[in-house]
Amino acid sequence: MDELYKQYMQDVHRYLLYLTGDHYAAEDLLQETFYRAYLYLESYDGERVKPWLLRVAHNAFIDYKRKEKRSKPFASIFFRNIRAPAKHSPESVLLRREELGELGLAVASLPENQRQAVLLYDYQGLSYQDAADIMEIGLANFKVLLFRARQQLRKLRERGEDDER
């Protein structure tokens, strides 16, 4: 379990951070994910580890959302703490952060199921089937969600470019 944690902690934490938009909530959910993975390790049936852990993280996130709905409203802000490589100039780092912040806001404005599809496929690099399995939907439905999310992001980008002119 220790090796699994070392190998996949960054990916699971990044996924949870994108979902919650809150560093502290992501850390709590990361702990919950690996706690649940430890408890249900015997139910692991030899499938690939990363999709299995992301499914556990997804389920922990869903439980978190259900609890939060009962307590207070939730605002999602994504990609705030992504850092550019140090070899770039300060200006390019600042521009990159600004672009990522705009992208994060655009992704955050998507409906939750479309946002999850983008995060799992485009940012976590999972296959269509693995991402669909994590979201517990069919493959065709996942592809439609991803297509619509990308279409919406394209429209938002075009609107932003029109506003700059």
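Is E136 buried or exposed? E136 is exposed, with a relative accessible area of 56%. The views below come from a predicted model.

**View 1. E136 sits in the loop between α6 and α7.** Helix α7 spans residues 139–164. E136 has a positive phi of about 60°. Yet E136 is not a glycine. Its relative accessible area of 56% counts as exposed because the cut-off is over 50%.

**View 2. Helix α5 packs against helix α6.** Helix α5 covers residues 112–123, and helix α6 covers residues 128–135. The two pack at an angle of about 140°. Their axes are 10 Å apart. That angle makes α5 oblique to α6. The crossing of this pair is right-handed.

**View 3. Residues of α5 meet residues of α6.** From α5 come N113, Q116, A117, L120 and Y121. From α6 come Y128, A131, I134 and M135. Seven residues of this contact are nonpolar and two are polar. None is charged.

View 4. Which residues in α5 are buried? They are Q114, R115, Q116, A117, V118, L119 and L120. Of these, Q116, A117 and L120 also meet α6. Just after α5, G125 takes a positive phi of about 75°.

**View 5. Helix α1 packs against helix α2.** Helix α1 runs over residues 2–20, and helix α2 over residues 23–39. Their packing angle is about 135°. Their axes lie 9 Å apart. That makes α1 oblique to α2. α1 passes α2 in a right-handed crossing.

**View 6. Residues of α1 meet residues of α2.** The α1 side supplies L4, Y5, Y8, M9, V12, H13, L16, L17 and T20. An α-helix has 3.6 residues a turn, so residues three or four places apart point the same way. The α2 side supplies H23, A25, A26, E27, L29, L30, T33 and F34. How many residues of each class does the contact of α1 with α2 have? Twelve are nonpolar, four are polar and one is charged.

Definitions and conventions: Residues numbered from 1 in each chain as written. Predicted model: local features only at pLDDT ≥ 70, side-chain atom pairs only at ≥ 80, totals over all residues. Heavy atoms only, no water. Axes fitted to C-alpha atoms, helices over the stretch in contact; angles between N-to-C directions. Helix = DSSP H or I, 4+ residues; strand = E, 2+ residues; numbered from the N terminus. Parallel < 35°, antiparallel > 145°, perpendicular 65-115°, else oblique. Left-handed = near helix turned anticlockwise from the far one by under 90°. Contact = heavy atoms within 4.5 Å. Nonpolar A, V, L, I, M, F, W, Y, C, P; charged D, E, K, R; others polar. Buried < 20%, exposed > 50% of the residue type's maximum accessible area, 1.4 Å probe, protein only.
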